[in-house]
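Please find below a short note on the structure supplied for comment. It is arranged as numbered points.

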Amino acid sequence: DIKKTISGKLGTNMFKYPITLQHYIDMMWECGSLVGAGRGSSCSGLNHYLLGITQLDPIQWSLPFWRYLNKDRVELGDIDLDLCPSKKPIIIRKIKEERGQHFDPAIDELSRKNLGCVLVATFGTETTKSTILTACRGYRSEEYPDGIDSDTAQYLSSLVPSERGFLWPLKDVVQGNPDKGRRKVDLFINEIANYPGLLDIIVYICGLVNKRSSHASGVILYGDDPFETAAFMKTPRGDMITCWDLHEAEAAGDTKYDFLVTEASDKIIKCYEFLKENNEIPNVDLRTFYDKWLHPEVMDVTEQVLWDHLAAGDILDIFQFATGVGLMIAKKLKPQNMLEMTAASALMRLMAERGKESPQDRYVRIKNNPNVFETEMLKHNLTDAQRAAFHKHCDAYYGTVPLQEQMMEILMDPAVAGFT
């Protein structure tokens, strides 16, 4: 009744989403899992910070709330939680038990035990390459009664170009795409023509659903009657999932929650257990330990030794910097503060156009010689106002644009584009 009253006064029920999360974050700590500081645009919400959902003060860090929610964005913003991989099954089981107790009395016991928290279904489709391989496996003709051998199929699929790590769509391969400067691939077309009807088969099955699985992090929490908005099935592994994918589930009125996992969380817990066993820390619970020594507001990130170890690549685990690419970026960019580390984390995902300087190389080049940025803008005849705008938005990132929010702020600047 209180929530309904608040909803009526505010004209929205969006506040229910973070309040629900706050409740389950407490449960996650009780289940023995660490809950991460927060990721993505949800960290810009002061309400999330005050509720303890995120751990970064958006005012201190100047995080723009419009990135999470604004009047032009009608959908519910995501709040991603980072949990321990070893604890996620326990957490999901506990949520199922709690929510199942509040189902309508008419709901059967099996559903009551399993449908309080359900993984979101995902459906895989035939991509350009897999389409060719699938079509070749099933192809039969008078000339090829036994079909097309796997070596030939692999050769045909290898003729599909890729650009910045992504395969061309089948339409671009066959017809070209003038808007993207792509010409049709004559070699592919000529080779396929050796097998009458094969191209028709490829075109027909491209994009068809060929498998089902579960979302890596997305779950839906059900209450009262889960069958009011959803139907359910199991993955080949036996996990309960929705029958619809995320977009269809949300269209029916369901809300997705994101429970991600990070291996570093399990390592932190193991470290915490070792410290307790050896009496190196007081006998406190995990959340107290975290809040006292690891919370972002208590960690001293100005200690140079932290950044020296990151640049050397000898830290046991530091989220995505623990990967091969992450280690390479850390050694190359040598971040010295949280802002530079944020840039490095974003830059590792950006790829260069063929034959062009990579964003990472540009970052290092201008970091070593900051005056180059001004020289480049003068060379391109930018006005005083435009140069001032780019300095304002890009100097902290050494003339690069690694962040989406940064690009949006540039485009919203009246001196650049003046977008809303």
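1. Overall description. The model is predicted. Its protein chain contains 20 helices and 8 strands, and the C-alpha trace spans about 75 × 70 × 55 Å along its principal axes. Of the contacts in the protein chain with a separation of 6 or more, 61% are between residues 24 or more positions apart.

2. Burial and surface. Of the 420 residues of the protein chain, 37% count as buried. The accessible surface of the protein chain amounts to about 24,400 Å², and carbon and sulfur atoms account for 55% of that area.

3. Largest nonpolar core. In soluble globular proteins, nonpolar side chains tend to be buried together. Here the largest nonpolar core comprises 33 residues, and Met28, Leu81, Ile95 and Phe259 have the most contacts inside it.

4. Met28 and the second core. Which residues does Met28 contact, leaving aside its neighbours within four places in sequence? They are Ser33, Val35, Leu81, Leu83, Ile91 and Phe259. A second, separate core has 22 residues, including Trp307, Phe321, Ala346 and Tyr397.

5. Ser214. This residue is found in strand 5. Is Ser214 buried or exposed? Ser214 counts as buried because its relative accessibility is 18%, which falls under the 20% cut-off. Neighbours within four places in sequence aside, Ser214 is in contact with Leu119, Val120, Thr122, Thr235, Arg237 and Ile241.

6. Second largest pocket. This pocket holds about 1,200 Å³ of space. Its lining consists of 33 residues, and Arg99, Leu221, Gly253, Thr255 and Tyr257 lie nearest its centre. By class, the lining has 13 charged, 11 nonpolar and 9 polar residues.

7. Elements around the pocket. At least two lining residues of the second largest pocket come from each of helix 2 (16–30), helix 4 (88–100), strand 5 (209–221), helix 11 (246–251) and strand 8 (256–261).

Terms used: Residues are numbered from 1 along each chain as its sequence is written. This is a predicted model: local features need pLDDT of at least 70, side-chain atom pairs count only at pLDDT 80 or more; totals for chains, interfaces and linings use all residues. Side-chain values use heavy atoms; hydrogens and water are left out. On a 1 Å grid over the protein atoms alone, a cavity is a set of points where a 1.4 Å probe fits but cannot get out, and a pocket is an open set with protein on both sides within 12 Å along at least five of seven lines; lining residues have an atom within 4 Å of a point. Grid points are joined across faces, edges and corners, and a volume is the space filled by probe spheres set on the points. Helices (H or I, at least four residues) and strands (E, at least two) are DSSP runs, numbered from the N terminus. Ala, Val, Leu, Ile, Met, Phe, Trp, Tyr, Cys and Pro count as nonpolar, Asp, Glu, Lys and Arg as charged, and the others, Gly among them, as polar. Buried means under 20% relative accessible area, exposed over 50%, partly exposed in between (1.4 Å probe, protein chains only). Contact means heavy atoms within 4.5 Å. Accessible areas come from the Shrake-Rupley method with a 1.4 Å probe; for residues, only the protein chains shown count as cover. A nonpolar core is a set of buried Ala, Val, Leu, Ile, Met, Phe, Trp, Tyr and Cys residues joined through side-chain atoms within 4.5 Å.
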